[in-house]
Amino acid sequence: MSIDVWFVMLPGVLSLDMTGPAETFALAGDAFRLHYIGPQPDVATSIGLTMSGIARLPERLPEGSLLVLPGVADSSLHFSTPAALAVQHWLMRQQPDIQRQAITVMCVCSGAILAAKSGLLHGKHCTTHHDVIARLRTAAPGAVIKENRIFVQDDNLWTSAGITSGIDLALHLINRLCGPEKALAVAREMVVWFRRSGDDPQLSPWLRYRNHLHPAIHRAQDALTAEPQRGWHLADIAAMAHVSPRHLTRLFQEHLGISVRDYLEQLRLAIAQQWLRQGRGVEHAAIAAGFSSPRQFHRAKQRLVN
């Protein structure tokens, strides 16, 4: 069953605040249905392009919907227009459904200010772009504002920092709603780092060792990242890279400073950690990631720490 995602479009909308999460959800396939709504049929974006075909604000959203509030180029200006006021009143009418968690709200960048002006952030933990933290404090004096965070969750209300953090949050929601394999597949397709939570460091084994130009290594990495849980043998990986096993081993050490086995192990650790965060048991997480047993998983985890 698809999840309906509703993007609220206002004049001055930051294009990447909207298109970043929209492309992320779209790459998840039929798991999401995207809708664009607002008080006007077309709006000028932050980069001068006009978005058209925007549907009217529905009286009520279907249960289980995800409502996205993107930021705008100048929140002091664009959140004070008649169009923004109409959205604020509409959001106030959605409050009963939001409060009973029938709707999930996702704020990107200064979109948190629009939520605050609509009364959605009172008593909530939240964040926004560092340039508008002070403005958010004014709009939501009763909120608990977290600085220097990628994104923050408080029940069914999510807020994120500036611009590209909307992609991080969209990936995180795909992970929660569709599972880690889907989220990792989308992250690989987008060639972005997959952060597992708002506090996670900005590193990922999916891209950490990609800053090289060697085609044979890229071929090997493409094969491993596509199926990290597969029972790989060095000869099979070398065949995918069109080099000998010995030469592939030498290439990995020379260009990446890591062995083929250790690279694959880090990919599997990332998947196992995702399953654990989903509440799966250690045995299920280990086997699903490609480890032969929980014991092998723990050994690999210990090696990474050391």
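How many helices and strands does the protein have? In this predicted model, the protein has 14 helices and ten strands. Its C-alpha atoms fill a box of roughly 65 × 40 × 35 Å along the principal axes. Of the 306 residues, 52% count as buried. The accessible surface comes to about 14,200 Å², and 51% of that area belongs to carbon and sulfur atoms. Among contacts between residues at least 6 apart in sequence, 62% join residues at least 24 apart.

The description may begin with the sheet. Six strands form an open sheet with mixed pairing, in the order β2-β1-β5-β6-β10-β9. The edges are taken by β2 (32-37) and β9 (151-154); each has a single partner strand, so one side of each is left without a neighbour in the sheet. On average, and with direction ignored, neighbouring strands of this sheet are turned by 20° against each other. Strands of a sheet pair through backbone hydrogen bonds, in either a parallel or an antiparallel manner. An example of the parallel case is the pair formed by β5 (residues 66-69) and β6 (residues 104-107), which four bridges join. Within this pair, Leu-69 has Cys-107 of β6 as its bridge partner.

Elsewhere in the chain, two helices pack on each other. Such a pair is described by the angle between the helix axes and the distance between them. For α10 (residues 234-241) and α11 (residues 245-255), the angle is about 80° and the axes are 8 Å apart. The two helices are therefore roughly perpendicular to each other. Helix α10 contributes Leu-234, Ala-235, Ile-237, Ala-238 and Ala-241 to the contact, while α11 contributes Pro-245, Leu-248 and Thr-249. By class, the residues of this contact comprise seven nonpolar, one polar and no charged.

Is Asp-97 buried or exposed? Its relative accessibility is 8%, and because the cut-off for burial is under 20%, Asp-97 counts as buried. Beyond its neighbours within four places in sequence, Asp-97 is in contact with Arg-60, Ala-102 and Ile-103.

Key. Residues numbered from 1 in each chain as written. Predicted model: local features only at pLDDT ≥ 70, side-chain atom pairs only at ≥ 80, totals over all residues. Heavy atoms only, no water. Pairing = 2+ DSSP bridges. Axes fitted to C-alpha atoms, helices over the stretch in contact; angles between N-to-C directions. Parallel < 35°, antiparallel > 145°, perpendicular 65-115°, else oblique. Contact = heavy atoms within 4.5 Å. Nonpolar A, V, L, I, M, F, W, Y, C, P; charged D, E, K, R; others polar. Buried < 20%, exposed > 50% of the residue type's maximum accessible area, 1.4 Å probe, protein only. Areas by Shrake-Rupley, 256 points an atom, 1.4 Å probe, with all protein chains shown as cover.
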